[in-house]
Amino acid sequence: MKMSASNRILAALLAGVLGWACPPGLSMASEGEQEPGDLATALSAPASRDEALVSMAVLLKAVQRWRAGEQGVIADLIAQDRAWLDRLRERYGKAEPAPPVLDPAGWMVRQNLLRQQSEGQALSAPVAPDLNRLLRQVFDRGDERLAAAVLPELLWLLEAQSTVQWAGLLEQAADDEAMESLLSQSGVTWSRQAGDADPGDSDATDLLTAIVYDAVNQGPPDPESLRLLRKRVYELLPTAEGSAVPALVAFLQLGGLIDGLHRGRYVAFSTGLLAVAAGLLDSGPETVLPVSEWLEEYLPGISATFARSFSEVDPRLNSTVAAVYDIARNLSAPNAGVTLGDEVADAVAQLALLMPDIEYYFGLPVRDTITGNVDACIGLAARVDETGNSVMSRDLFDDCIESLVRLADNQTRSAALSGDRQGPFGQAQLQREVSVTPVQRINYALGHFHQGGAPSCAPPANPLPNPLEWSSLATLMAWFAHQMPVYFQTPENERRLSRMREIGDELVEVLAAQTECLAGPEDNDSAIVARVLADYRYALNLLSRSLRESVSTYRADILAPGADIDLESDALQSTLYRPDDLLVEPCEAEQVCEMSGPMGSSRALLGLFPEPYLVADQTGMGEIQLCYDNMEWVDRRSEPVRPGDENVANYFGKFAFDLKGRFLSGDAISDVFAFRFTSPDEYHYLFAAASEEVLEDSCPMEWVGSRVVTPLPDRRGGIVPNRLTYLAASRMLPSQLLSQNWQSGAEWRDWFSTGLGVEVLLSSEGEQIVPLVTEHLQSLYLSEQSTIYRGLLDGVRSTSVGTAREHLAELSVRKGLLRMLLVLFYPQSLTGSDAIRSGIAGQGGLLDTEMIRRFQKDDIPVNRIGEIGLARLDAFIRAWGDQADAALHGGSVSTGVAHGVMRLDGVYDAYFAPSQQAALPALNASEPPVSVPD
């Protein structure tokens, strides 16, 4: 068979394009035998893997074009295809392979069909597009957002199918001169890396287990282990048959997913793991048992190692792992396909829509009209006669197709299912709206974001359909078309199909235009996201300030004025607290020496108390006290008032007293420190009768005012009495002396703080009360935290909480709006970036009411909430800034909507396109290529 001129041109250009695009590790040579194993080497090596996948995509697209008979401009298209992929990767970021499993509408339809199947009739719906359809969509220049959305899915399939497709092309070339000539002239070969070890006959499960062992027990997996696993599987796939193919593919995918755990690709792991489990649902026992048994054995270890990390990104990731483990354990159970499919559908709803399960939305009463119509049509299609053929008439079939279009065009735009773009947008309404599944409020979201800013564009002229509803209706239309193609192939149904596609185009195009308008030009930050984040920061600052005020108010109520302690610390914390109103008074009111009044204290004097006692005083656990005791005259002496007069005397001495620091707790009084003060100077303190008794009295106040009768000398005159009477009198009172010298004059008060001129009688560091004070602090702290958290979260009335509860409600609304914005306009960011998903759904994410409730359980101090919240907000802003510009300003298309578009295009190509495009070789290279309508 000779090659046509156009095919020779294609082959030559294919060689040129692939040679131009050849990355390190790949070579385009015209000599030597071409083997699938060489491609296996390129796909296994980290340095060449990504480019090998991209080059395979370009090659397979070229073959697809060649088989479709494209001529004339085919040469230009080959070069443009590579440039197109380069553009997508440059504008939307490097595309990591991702499975097409996150399609809630597809899973809802699948499970709905399975639940309504009749005995002996298996009804099913495709959940994911095939390789042919993905190639067409990725290289369709009509909407680069759609192409970018499904490029990761294409790479996911190529990861498993590249060597099979390559082997199929080589096999076809052996019997087809045109193909042989094309591949020969293209000169495509995949060079081996020098020094690469060969896996030999290693078992794939053993190689995968080694990767898991490294990941769980030793840290990052050895890259060589993953390379050997990939090399082994890639070499086996082209010749594998039957159940061995999906089993090998599962082990290949698991190896890459587990390796990604140590690069923080947790969402990718959970999504890929779910895709592996979903692929097993319809597989035979030969496939199921090896994979399910392996998952059952090794998933618990992986979960135990990474559960905390999963929760930081999104607790739903742990739920997905648990669901896959449950699927692995129950795959051989009766009716497992239905039950376990529901588990997959629920996990898909959690990952794609942040819903608890699929019925959270699809079971809503507001869907009754759609549910009733859909169930009735599926029920009619499921009814069969005695020969097993459907009893559905053509008229009923057309009615059902018409009803699907009518529901998509009208019901899905209703306020109940897509929100009211007119609002209202008050705080109470926003609080309710953000609690609803975002896809159910798409028009409300657009109305709010337009109402809150000044975008250059107007809101959509017509309400948009609910994206999830449109996707499910489009999927059902595709299913009906493939179930009864004879009924479907009519001009009326072609019109209906076109209308359904137009609704999808409207959804995609209007959302793209609105996103670009709200986000602003690409050389600036994304305006809409920046605005929502600014509102969130403002609400967070208000909450932080109100919580600080709440803590201050609470502590002002329970602590002494001037308190400066941290309740969350211990008794040994440093404090500058000094009670301003503390005076020095008598230790015992009944035991005073004339001086019974108070003396002023000082900060230095109060500083003599060890920290535990100052801390205890602030908290009300006890009370510190300064007092004086044992006030007396010491080193006393007397002198006659006059020489020779032995009746009266002047008394001299030094003034002394004890200064004590005491701690009062209940009825217990304990001395903390004691100093003995003795004045350096002597004072004339008393005039009184000369006697040893008076001299020995250290506090002779009882003598003051007493009469002292003294006889006169014998030579007195007759008119003078023979005796004189004196009154004993104080010459220096303790109170007088202290008033002159306590805090002025000699400033005795300061002597105690310096230790000069005083004797230490007792000194304690307070060790004995440290445990008690620490326990008391903890009690107060727990009470404080409980009071504020309960007031914040549970509405318990508390004067200390103030407006914090209102600010928390506002903060939660702002986060809800951000979540709504991302789910509707940036769904790929939520599934493609762990950092962004963490901010919205993770335990380490942006704060809202539920996050604060978790803080309460985790004993996070209330006064750290603001600090933690700002740190997380800044981390989210950095992660958002790392997104590719096109994704920031153009948004992305959800997997469900992209699949809906491709399903409708597949129906049109199958039944209404003027010419059919042949399919690529089947996955099993030992079987001839077949054409399968997509």
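Analyst: Cysteine 593 and cysteine 699 are both buried (buried is under 20% relative accessible area, exposed is over 50%, and partly exposed lies in between, with a 1.4 Å probe and protein chains only). A disulfide joins cysteine 593 to cysteine 699, S to S 1.8 Å (a disulfide is a pair of cysteine sulfur atoms within 2.5 Å). The torsion about the S-S bond is 115°, and the link is right-handed. The pair links distant parts of the chain, 106 residues apart. Cysteine 593 sits in the loop between E3 and E4. Cysteine 699 sits in the loop between helix H28 (692-696) and strand E8 (707-711). Helices (H or I, at least four residues) and strands (E, at least two) are DSSP runs, numbered from the N terminus.

This is a predicted model: local features need pLDDT of at least 70, side-chain atom pairs count only at pLDDT 80 or more, and totals for chains, interfaces and linings use all residues. Residues are numbered from 1 along each chain as its sequence is written, and side-chain values use heavy atoms, with hydrogens and water left out.

By the sulfur rule, the model has 3 disulfides. Another of them joins cysteine 587 to cysteine 627, with S to S at 1.9 Å. Its S-S torsion is about 85°, so this disulfide is right-handed. Cysteine 587 lies in the loop between strand E3 (583-586) and strand E4 (599-600). Cysteine 627 belongs to strand E5 (residues 623-640), and the two are 40 residues apart. Cysteine 587 is buried at 8% relative accessible area. Cysteine 627 is buried at 0%.

Cysteine 377 and cysteine 400 also form a disulfide, their sulfur atoms 2.2 Å apart. This link is left-handed, with -100° about the S-S bond. Cysteine 377 is in helix H17 (residues 368-382) and cysteine 400 in helix H18 (residues 394-409), so the bond ties together parts 23 residues apart in sequence. Both cysteine 377 and cysteine 400 are buried.

Now the charged pairs. The structure holds 45 salt bridges (a salt bridge is a side-chain nitrogen of Lys or Arg within 4 Å of a carboxyl oxygen of Asp or Glu). One joins glutamate 51 and arginine 89, at 3.3 Å from N to O. Glutamate 51 lies in helix H3 (residues 46-67) and arginine 89 in helix H4 (residues 74-92), so the pair ties together parts 38 residues apart in sequence. Arginine 89 is buried, at 18% relative accessible area.

Arginine 537 and aspartate 874 meet in a salt bridge at 2.9 Å, N to O. Arginine 537 is in helix H25 (residues 527-558) and aspartate 874 in helix H36 (residues 865-881), so this pair ties together parts 337 residues apart in sequence. Arginine 537 is partly exposed at 29% relative accessibility. Aspartate 874 is partly exposed at 29%.

Arginine 637 forms a salt bridge with glutamate 639, the closest N and O atoms 2.5 Å apart. Arginine 637 is partly exposed, at 32% relative accessible area. Glutamate 639 is partly exposed at 35%.

Salt bridges also form a network. It links Asp409, Arg413, Arg499, Glu502 and Glu506.
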